[in-house]
Amino acid sequence: MRLFIAVLMVGLAALHLLWPLAPLQLDAELGRTLLVELRLPRTLIVIGYGAALGISGAAIQALFANPLASPDISGASSGAALGAVLGGYWLGFSQPLALAACGAAGAGAAMMMLLVLAGRRADSATLLLAGLAISLAAGAATSLALALAPSPFAFYDAFDWLMGSVVDRSLGQALAALAPAGIACGLLLRRAHALDLFALGEDVAASLGHRPRRLAREIIGLSAIAVGAFVAVAGAIGFVGLVAPVLARRLTRGHPGRAMIPAALIGAILLTLADLAVRTIPLDRPLPIGVLTALFGTPLFLYLIVTMRRSVTS
Amino acid sequence: MTLVATGVALPHRLDPTNLSLTGGQLVALVGPNGGGKTSLLRALAGVEEAAGVVRMNGEEVAKLGEARRRRLLAFLPASRDLGWPIAARDVIALGLGASDEARIAELIELLELGALADRPINRLSTGERTRVLLARAMAARPRLLLLDEPFANLEPYWVLRLSAILRDLAKRGTLVMVALHDLHQLDRFDRALLIANGAIQMDEAPADLIASERFEEIFRISAAPGGWMIRPADRRSSP
């Protein structure tokens, strides 16, 4: 099953990069430029962002011991969006690495607030309410920042980007997100074993020498970098970070830590599929990819809530 | 195996405590609610960063990594709730660290978990979960078992079976420390620590402990035919 998913991932990546085949039929020089300058950044962002959402979603869910926790529900995405908008106004939208840092800072601040408000091992209601409050506050602050936009162009730029878009990003922007997020994801993966042990309860993990507080700070900091960097480049894309880990745990017999790698693959597949759909659906104006993931993600999210309620009441 | 605790303390819950115990015995921790039984277990298990030093065979436990700690000690917390729907068999494997199918099968046999092994642990009853988590704690054959209320929620058969299992472990040199409320269990233990107000008040053979006046004072009960009764001085009339 895992092999199948990995093969699917590679196939989709190739499809995303090469289809439609137009660039290959042009003359070699132009085709190469098209592929490297236009297609490659988009493919890299879609795959990297999907994987980052999957890994950090799985890590956050493992930390809070709750399948409803995720980058978007925890307010990390909206915090990152606020951070990047503010950073964009101050520093301009042309410095991708600085924007990525602002996004990561915003995401980190939002998740630290969640940790303070709800605590580790919060019940679902507290977690959702605290995450909702943070998301609303960050969303309102972002709207305020947009309303005070220095120019209408800045407003439209920021608005388009907020809806989640991977169109027309440069290779530099893609790498500015990929590099920090890649490192953060690598470090998150090294905590897979500790997160599996946390499934036995914080106290048991602590008796085996792990430090719950330190692990919580590490997971939050690293997830913030992974998600924040991509939000700064491609806007907030919802639900992938929620759904991918849930599907991934079906492959790991429920183990939350070792679900991170399958969650990365599934997240990348979901986002690649969504972007392929965006490119294929004939509309006058391209649909922001975040709208599509939300359209498909919401029913899955609702299904999850219903099944959780059943398992609690039965 | 020796366990030596020097000046182990947790703020507001456990006064600086010295303790020296050797393997091969069953030690009961008894005392009123909130007296410090769980705090002592948690401090010895290294769950919280306590003041003082805990040494096992001379090694300072706080400085050891996961693999070494697994071989030395295991802690069963009072809470039997696990967040994730992991199969009972996998919970035991997590206690083991490395995959060892033979050991897992042995534990499933010992705690009669065959019918439950592939069910998610959060779908089991509290007593069934206790058995799974005990198997998890025993999996790596630790030299020290710190068990918080292991008999709670167990049916009578399992109370007796677990006593026998713990006695077997002690015979093989394990030090078993058990926090418990059910004083009827006390006579199965070799030694009893009475903990109240965040300090060890008494350290006796169980029979001597129960017979002492200090025990009655702290627990506000006295022995009565077939059980216990509230001491006349501590009786309250219902409003």
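This is a predicted model: local features need pLDDT of at least 70, side-chain atom pairs count only at pLDDT 80 or more; totals for chains, interfaces and linings use all residues.
Helix α3 of chain B spans residues 88–96 and helix α5 of chain B spans residues 126–138; their axes approach within 7 Å, at a crossing angle of roughly 25°. Because angles under 35 degrees count as roughly parallel, α3(B) and α5(B) are assigned to that class. On the α3(B) side, the contact is formed by Ala88(B), Val91(B), Ile92(B), Leu94(B) and Gly95(B), and on the α5(B) side by Val132(B), Ala135(B), Arg136(B) and Ala137(B). By class, the residues of this contact comprise seven nonpolar, one polar and one charged.

Leu107(B) lies in helix α4 of chain B, which covers residues 101–110. Leu107(B) has 24 C-beta neighbours inside 10 Å and is therefore classed as buried. When residues up to four places away in sequence are left out, the contacts of Leu107(B) are Ile92(B), Ala135(B), Met138(B) and Ala139(B). Of these, Ile92(B) and Ala135(B) also take part in the contact of α3(B) with α5(B). The C-alpha atom of Leu107(B) is 9.4 Å from that of Leu134(B), a residue 27 positions away along the chain.

The contact between the two chains involves 16 residues from chain A and 23 residues from chain B. On the chain A side, α9 (192–198) and α10 (202–207) each contribute at least two residues. The largest share of that side, four residues, is supplied by α10(A). The chain A residues that touch chain B divide into eight nonpolar, five polar and three charged.

Terms used. Residues are numbered from 1 along each chain as its sequence is written. Chains are lettered from A and ligands numbered from 1 in the order in which they are written. Two residues are in contact if their C-beta atoms, placed from the backbone, lie within 7 Å. Ala, Val, Leu, Ile, Met, Phe, Trp, Tyr, Cys and Pro count as nonpolar, Asp, Glu, Lys and Arg as charged, and the others, Gly among them, as polar. Axes are lines fitted to C-alpha atoms, for helices over the stretch in contact, and angles run from 0 to 180 degrees between N-to-C directions. Angles under 35 degrees count as roughly parallel, over 145 as roughly antiparallel, 65 to 115 as roughly perpendicular and the rest as oblique. A residue is buried if 20 or more other C-beta atoms lie within 10 Å of its own, exposed if 12 or fewer, and partly exposed in between; C-beta atoms are placed from the backbone.
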